[in-house]
Amino acid sequence: MKIIVAVKRVVDYNVKVRVKGDGTGVDIASVKMSMNPFDEIAVEEAVRLKEKGVATEVIVVSAGVAQCQETLRTAMAIGADRGILVETDAELQPLAVAKLLKALVDKEQPGLIILGKQAIDDDANQTGQMLAALADLPQATFASKVEVSGDGVNVTREVDGGLETLSLSTPAVITTDLRLNEPRYVTLPNIMKAKKKPLVIFKPEDLDVDVTPRLKTLKVAEPAGRKAGVKVPDVATLVDKLRNEAKVI
Ligand code: AMP
């Protein structure tokens with residue numbers, strides 16, 4: 001069984017982004033970029049399935065600028081076998097990415113497609129669901145456990161107040177939650193090996209996909225600053241402030 005994993009290049013989670021002066025977006029020029037953390041978990045899960053002998057090949061796919069090749073190389077250093085970049089400088093929204101992935105799913109015929117539950121830059125949480133709809137495949141989102149058995153897959157999801165286990169037939173789309181696994185550290189020898197793994201580049205036109213944005217961002221603004229706290233001298237003052245100022249008791 002082949003597995004396709006979608007990996008997005010995003011602003012590193014340690015970077016505090018700044019909103020551009022004109023409010024059209026955030027400034028990502030010269031900030032550190034990394035693989036979306038949920039996608040690292042997705043790659044790790046696919047590689048573990050290959051190590052268990054369940055998967056035969058792990059293909060990582062990224063859509064975006066030429067530098068996404070670095071993200072694909074990192075995924076291959078974790079253990080993916082080959083990479084596909086759909087290269088474009090255009091702004092990509094989840095629907096466009098889902099359409100590109102659908103075209104690659106048609107080409108590669110994987111048994112599983114694993115995505116992160118959300119990209120930490122747009123926080124959309126849409127691409128996996130849209131892909132499942134476009135490709136007419138079963139989906140299990142927010143996976144915290146994945147078990148492939150026969151021609152199906154059982155996925156455990158964390159839901160309010162407990163765990164839910166779904167049984168899906170394959171091919172299927174899965175999106176990863178934080179607790180699915182802990183991705184391994186990439187080692188230098190594996191980084192070197194990854195440089196030699198195959199990586200092919202397509203343009204959206206090669207896949208016959210129109211990536212024109214369908215949504216327009218009207219405005220991006222910093223969150224309102226929080227007022228500074230005050231120190232109170234004793235419990236009586238605290239209770240008084242909670243009752244009369246904050247009006248919470
Ligand atoms: P989103 O719906 O934007 O929150 O993204 C959910 C998941 O879709 C991510 O965790 C990735 O696995 C995948 N994804 C989104 N955008 C891209 C992209 N440009 N290239 C590859 N995968 C992507």
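Predicted model: local features only at pLDDT ≥ 70, side-chain atom pairs only at ≥ 80, totals over all residues.
The ligand comes first. Its shell counts 18 residues, and the closest of these are Asp39, Ala119, Asn125, Gln126 and Thr127. By class, the shell splits into 8 nonpolar, 7 polar and 3 charged residues. Several backbone atoms come within polar reach of the ligand. For Asn125, a backbone N or O atom sits 2.7 Å from a ligand oxygen, and for Ala63 a backbone N or O atom sits 2.8 Å from a ligand nitrogen. As for cover, the ligand on its own would expose 490 Å², and the protein buries 98% of that. Two elements, β6 (57-64) and β8 (112-116), each put two or more residues into the shell. The top contributor is β6, with 3 residues.

Setting aside neighbours within four places in sequence, Ala172 touches Gly111, Leu112, Ile113, Pro138 and Val153. Gly152 is 20 residues from Ala172 in sequence, yet the two C-alpha atoms are 8.7 Å apart. The loop between β11 (162-169) and β12 contains Pro171, and the peptide bond joining Thr170 to Pro171 is cis, with omega at about 0 degrees.

Strand β9 (residues 139-149) includes Ser144, and Phe142 also has its place in strand β9. With a relative accessible area of 14%, Ser144 falls under the 20% cut-off and is therefore buried. Its contacts, again leaving out neighbours within four places in sequence, are Thr156, Arg157, Glu158, Leu163, Arg179 and Leu180. Phe142, at 23% relative accessibility, counts as partly exposed. Phe142 also has a positive phi, near 55 degrees, despite not being a glycine.

A positive phi turns up at Asp208 too, at about 65 degrees and again in a non-glycine residue. Here the setting is a loop, the one between β13 (199-202) and α6 (235-244). Asp208 has a relative accessible area of 75%, so this residue is exposed. As background for these backbone details, most residues other than glycine have a negative phi, and most peptide bonds are trans.

Methods. Residues numbered from 1 in each chain as written. Heavy atoms only, no water. Near = heavy atom within 4 Å. Polar contact = N/O pair within 3.5 Å; in protein donor to acceptor, adjacent residues only side chain to side chain. Areas by Shrake-Rupley, 256 points an atom, 1.4 Å probe, with all protein chains shown as cover. Helix = DSSP H or I, 4+ residues; strand = E, 2+ residues; numbered from the N terminus. Nonpolar A, V, L, I, M, F, W, Y, C, P; charged D, E, K, R; others polar. Contact = heavy atoms within 4.5 Å. Buried < 20%, exposed > 50% of the residue type's maximum accessible area, 1.4 Å probe, protein only.
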